[in-house]
Amino acid sequence: MKTGAKLPEVTFHTRIRDEAVGGPNPFRWQDMTTADYFAGKRVILFSLPGAFTPTCSTYQLPGFEGNFAKFQELGIDAIYCMSVNDSFVMNKWAESQNLKNVKVIPDGSGEFTRKMGMLVGKENLGFGMRSWRYAAIVNDGMVEAWFEEPGLMDNCPDDPYGESSPETLLAWLEKARAPEMA
């Protein structure tokens, strides 16, 4: 996936809270499409190897959550975190991280990630197929800017992190905005 590319059309199987369901687990299934998330908005999409993993939980997700207001000032409407995890896992992770601003997207089957060209094997860590770490600024379903960690490969011995960090995206947005302010 590169700048100028259109995001792949897929359906995400999500679970959303619905008090009408009642009981101790008031959630129902709701299918969401690529268009539901991305049409008519300028958003950040970042994808990572897994919910509850160290770098993702300690740096990347909290960094996007904590800088949400700055991203909004720079023209971002929403921030989405995606992982090849099911909706149950993603919802529990969002709850454990006390997310108020970043929304999670479950790519449980890895279909979106595969179509993005970012699905890698992580059998060396016991994960199976997961997403390579990347981020994108997406404008109405088109990739405006692409940030991919180096070394894309199956069973990578490292977990590179930096290119897809919130700090990198903030710097890019600030630089892109500078000519507008002049």
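The largest pocket in this predicted model has a volume of about 610 Å³. Its lining comprises 22 residues. Of these, Arg15, Phe27, Asn91, Lys92 and Ala94 lie nearest the pocket centre. The largest share comes from H4, with six residues. By residue class, the lining of the largest pocket divides into 10 nonpolar, six polar and six charged residues.

Rolling a probe the size of a water molecule over the atoms shows where empty space is left. One cavity of 30 Å³ or more was counted. The volume of the largest cavity is about 30 Å³. Pro49, Lys122, Ser131, Trp132, Arg133, Glu149, Asp159 and Pro160 line this cavity. Four of the cavity-lining residues are charged, three are nonpolar and one is polar.

Five strands form an open sheet in the order E5-E4-E3-E8-E9. Pairing within the sheet is mixed. Strand E5 (103-106) and strand E9 (142-148) are the edge strands, and each pairs on one side only. On average, neighbouring strands of the sheet are turned by 25 degrees against each other, direction ignored. In a regular strand the side chains alternate between the two faces of the sheet.

Both pairing senses are found in the sheet. Met82 has Ile105, in E5, as its bridge partner. Helix H2 (residues 54-66) packs on the sheet and touches strand E3 (42-48) and E4. The direction of H2 makes about 180 degrees with that of E3.

Helix H4 (residues 87-96) lies across E3, E4 and E5. H4 runs at about 160 degrees to E5. Together, E4, H4 and E5 make a β-α-β unit, and this unit is right-handed.

Ile137 is bridged to Ala145, its partner in E9. E8 and E9 form a hairpin, with two residues between the strands. In the turn, Asp140 has a positive phi of about 55 degrees.

Key. Residues are numbered from 1 along each chain as its sequence is written. This is a predicted model: local features need pLDDT of at least 70, side-chain atom pairs count only at pLDDT 80 or more; totals for chains, interfaces and linings use all residues. Side-chain values use heavy atoms; hydrogens and water are left out. On a 1 Å grid over the protein atoms alone, a cavity is a set of points where a 1.4 Å probe fits but cannot get out, and a pocket is an open set with protein on both sides within 12 Å along at least five of seven lines; lining residues have an atom within 4 Å of a point. Grid points are joined across faces, edges and corners, and a volume is the space filled by probe spheres set on the points. Ala, Val, Leu, Ile, Met, Phe, Trp, Tyr, Cys and Pro count as nonpolar, Asp, Glu, Lys and Arg as charged, and the others, Gly among them, as polar. Two strands pair if DSSP finds at least two bridges between them. Helices (H or I, at least four residues) and strands (E, at least two) are DSSP runs, numbered from the N terminus. Axes are lines fitted to C-alpha atoms, for helices over the stretch in contact, and angles run from 0 to 180 degrees between N-to-C directions. Contact means heavy atoms within 4.5 Å. A crossover is right-handed if, with the strands pointing away from the viewer, the path from the first strand over the helix to the second runs clockwise.
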